[in-house]
Amino acid sequence: MARLGLLIDVTKCSGCHNCFLACRDEYYDNDYSPYSAPQPLEGQFWMQIKEIERGTYPKPKLDYIPLPCLHCEDAPCIDVAADNAVYRRPDGFVIIDPVKAKDQKAIVNACPYRVVFWNKELQIPQKCTMCAHRLDEGEKQPRCVEACPTGALAFGDLDDPASEISQLMAQKKIEAYHPEYGTKPTVMYVGIPKRFVVGEVVRDDMRGECAEGASITLEGGGVKLETMSDSYGDFEFEGLEKNTAYSVKVQLAGYAPQMLEITTHTDVNLGEIVLERV
Ligand code: SF4
Ligand code: SF4
């Protein structure tokens, strides 16, 4: 049987919540036993949209991370469940049996991603099923993937090198969400927000005019990146490692170069970097 996977491109997510709404529409008050019992009106977010605020005014960023169950290969929810109440299908989907899981609240607490929700009325844990009932009926995609207007969600056969998801995984830098949890998720990500460094280059003899075309080099953590300041004098380095020391060198013909040392404990705004005429 094919291994099926989901790839989430955070750089394409606009935070529109269409995936969340489609999931709610599919599962609220609908019984898909033995895949899932009806979802209650409140308190369940099988597809969450995590808002990540980064940086500071005047150069903040807002990112959105769609977060369903990650259908882990080493799933703590399976380990903690009694009577095989949570199981892994040959296609990779991790399913909570709504009958066997009754009264097993430990399944909620076992998930390090906090994507399992307790149904108080039915006394069962519930979560994303990867729309297994739809796919088993012959549908090609989960509801959330169908509903995404920006193409941030790609679903398909991981064993078929020609599938869209396999092609994307071959082209892009793929990463796990919180790899330190050690659960080997099968839902993978592109573009999980990291650290960024921004600044604005200004010439001391031409204040009020932006210094376009300055060469900026960032070096550290085993990488060397280069960029140019834009027509506003602004520059940016994105996707940097956390808690890493970097040197930033700013150069412009006719001006003394500047070297700045930073560590990415947080995102860094270098502010105005004033170059002096030589
Ligand atoms: S994300 Fe949580 S609920 Fe989903 S398989 Fe992994 S441990 Fe289980
Ligand atoms: S795959 Fe299906 S169950 Fe999972 S988040 Fe998407 S719509 Fe909801």
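This is a predicted model: local features need pLDDT of at least 70, side-chain atom pairs count only at pLDDT 80 or more; totals for chains, interfaces and linings use all residues.
I started with Lys61, which lies over the face of Phe196 at 4.8 Å from the ring centre (a charge sits over a ring if NZ of Lys or CZ of Arg is within 6 Å of the ring centre and within 35 degrees of the ring normal). Residues are numbered from 1 along each chain as written, chains are lettered from A and ligands numbered from 1 in the order written, and side-chain values use heavy atoms, leaving out hydrogens and water.

Next, aromatics. I found 9 aromatic pairs in the structure (rings of Phe, Tyr and Trp, its six-membered ring, with centres within 6.5 Å; planes under 30 degrees apart are stacked, over 60 edge-to-face, the rest tilted). Tyr27 and Trp46 have ring centres 4.7 Å apart and planes at 45°, so I logged the pair as tilted. Tyr27 is buried at 1% relative accessible area (buried means under 20%, exposed over 50%, partly exposed in between, with a 1.4 Å probe and protein chains only). Trp46 is also buried, at 2%.

Then I looked up Tyr113 and Tyr177: they are stacked, 6.2 Å centre to centre with 25° between the planes. Both are buried. Ring pairs also link Tyr113 and Tyr177 with Tyr181 and Tyr189 into a cluster.

Last, ligand 1. I see 13 residues around it, with Cys69, Leu70, Cys72, Cys77 and Cys111 the closest (near means a heavy atom within 4 Å).
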